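Please look over the structure below before reading the notes.

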Amino acid sequence: MSPETVRTATTTTAEPTGVRWGRVIVIAGAIIAFLIGSGFATGQEILQYFASYGYWGVFGTGLVVLVLMTYVCVEFLQAGQEQQFERPGLIYHYYGGKVLGTFYDYFSIVFIFLSFTVMVAGMGALFKEQYDLPVASGGIGLAVVAVVTVGFGLTRLTDVIGRIGPVIVVLAIGLGLAAVLRNPGGVAEGHAALPSLDLTTASDNWFLAGLSYVGFCMLWLAAFLAAMGRTTRSSKEAAVGGSLGAAAFSVACIVVGLGLLANIDTVAGMEIPMLALARDVSPALASTFSIIIVAGIYTTAVPLLWTVAARFFVDRSPHFRLLAVGLAALGTFIGLLVPFSQMVNVVYVINGYVGILLLVLMLARTVRRVAARRAA
């Protein structure tokens, strides 16, 4: 790999080894907030990737996601901390070399932009289903708020979403637990009822669904975590923050998956399954949780938009902000054309399989790095 492709940080002093726990919480919160977008917050993503496969989907897919997502988050953050990439997208060259790195650099930008359109579609579906407002009002409103937030830059963006993320995951876990506790026998009943239901699934089996899920999350996270890694004090701080964020998110997936499975007859065919769970408890809770879903979509849409704009222009520059406006407008137009559940199934699943190859490249580089250190 040429020096021009990836710049390795050099220093004349030893790397600080301390861990700033406040920073760790912000990093973990930002990871959670980034991943809890319209797909997770609405329940559509968890329904297609986890609950639709029954016990194996919830626990098998959940274990796959826990192990691989922890590795991915720690690896991306540590690579960003150690390499100090001049541009976040160079992390793909770090793992894939010139040819595959260039492919992923550009492919990921297209995918991330399409993921932003999924956020728009999700917000539109939420406004329609919960508030009986035009779909366009939700999509356009999200785009406007996202553009304003992106304009503040990465540091401020991370601080904002990093504090919202933990709140969202705690409330989502709470709703999932409540859904199970209200109907303890529902998990077994839901598992038995799956063959008779026409559910949209992410893959032919739960294991491939888990790999695909991690794959599309990786394409979201790579550049964002590489940039965030530059702000960490040490590799240890990056590892702790990445592990905590990945673990909390994975546990949330499992708990919410159980809640959906326990109420599968109610949520099947719903665009916003989590609202169906909340309404089953009380209409007031549904209204409250709709606000949580709005926050979840917002915390993912913003870094997605930032990542695409930052690929071409320097953060907070006039051209960066102008491009963000244009991307938001185009993303809103596309996101309002296709139903939300279809957007999740097509955009996430296809790109998830492309992400699996990146995972293989990462594992290969990790093995080579460990072998080299042992040899030295």
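**Notes on helix packing and aromatic pairs**

1. In this predicted model, helix α8 (residues 186-193) crosses helix α10 (residues 235-262) at roughly 70 degrees, and the two axes come within 7 Å. Angles of 65 to 115 degrees count as roughly perpendicular, so α8 is roughly perpendicular to α10.

2. Which residues of α8 and α10 meet? From α8 there are G186, V187, G190 and H191, and from α10 there are L258, L261 and A262. Sorted by class, the contact of α8 with α10 has four nonpolar residues, three polar and no charged.

3. Helix α9 (residues 206-229) packs against helix α15 (residues 340-375) at an angle of about 80 degrees, and their axes are 6 Å apart. This angle makes α9 roughly perpendicular to α15.

4. On the α9 side, the contact is made by L208, L211, S212, G215, F216, M218, L219 and W220. On the α15 side, the residues include Y348, V349, Y353, I356 and M362. The contact of α9 with α15 divides into 13 nonpolar residues, five polar and no charged.

5. Helix α15 has 36 residues, which should span 52 Å at 1.5 Å a residue; the C-alpha atoms at its ends are 51 Å apart, which agrees. There is also a kink in α15 of about 30 degrees, centred on Y353. Y353 is also one of the α15 residues that make the contact with α9.

6. How many aromatic pairs does the structure hold? There are 21 aromatic pairs. One of them is formed by F40 and F249, with 5.6 Å centre to centre and 45 degrees between the planes, a tilted pair. F40 lies in helix α2 (residues 38-42) and F249 in helix α10. These two residues are 209 residues apart, and the pair links distant parts of the chain.

Note on methods:
Residues are numbered from 1 along each chain as its sequence is written. This is a predicted model: local features need pLDDT of at least 70, side-chain atom pairs count only at pLDDT 80 or more; totals for chains, interfaces and linings use all residues. Side-chain values use heavy atoms; hydrogens and water are left out. Axes are lines fitted to C-alpha atoms, for helices over the stretch in contact, and angles run from 0 to 180 degrees between N-to-C directions. Helices (H or I, at least four residues) and strands (E, at least two) are DSSP runs, numbered from the N terminus. Angles under 35 degrees count as roughly parallel, over 145 as roughly antiparallel, 65 to 115 as roughly perpendicular and the rest as oblique. Contact means heavy atoms within 4.5 Å. Ala, Val, Leu, Ile, Met, Phe, Trp, Tyr, Cys and Pro count as nonpolar, Asp, Glu, Lys and Arg as charged, and the others, Gly among them, as polar. The expected span of a helix is 1.5 Å times one less than its number of residues. The bend at a residue is the angle between axes fitted to the seven residues ending there and the seven starting there. Rings of Phe, Tyr and Trp (its six-membered ring) pair if their centres lie within 6.5 Å; planes under 30 degrees apart count as stacked, over 60 as edge-to-face and the rest as tilted.
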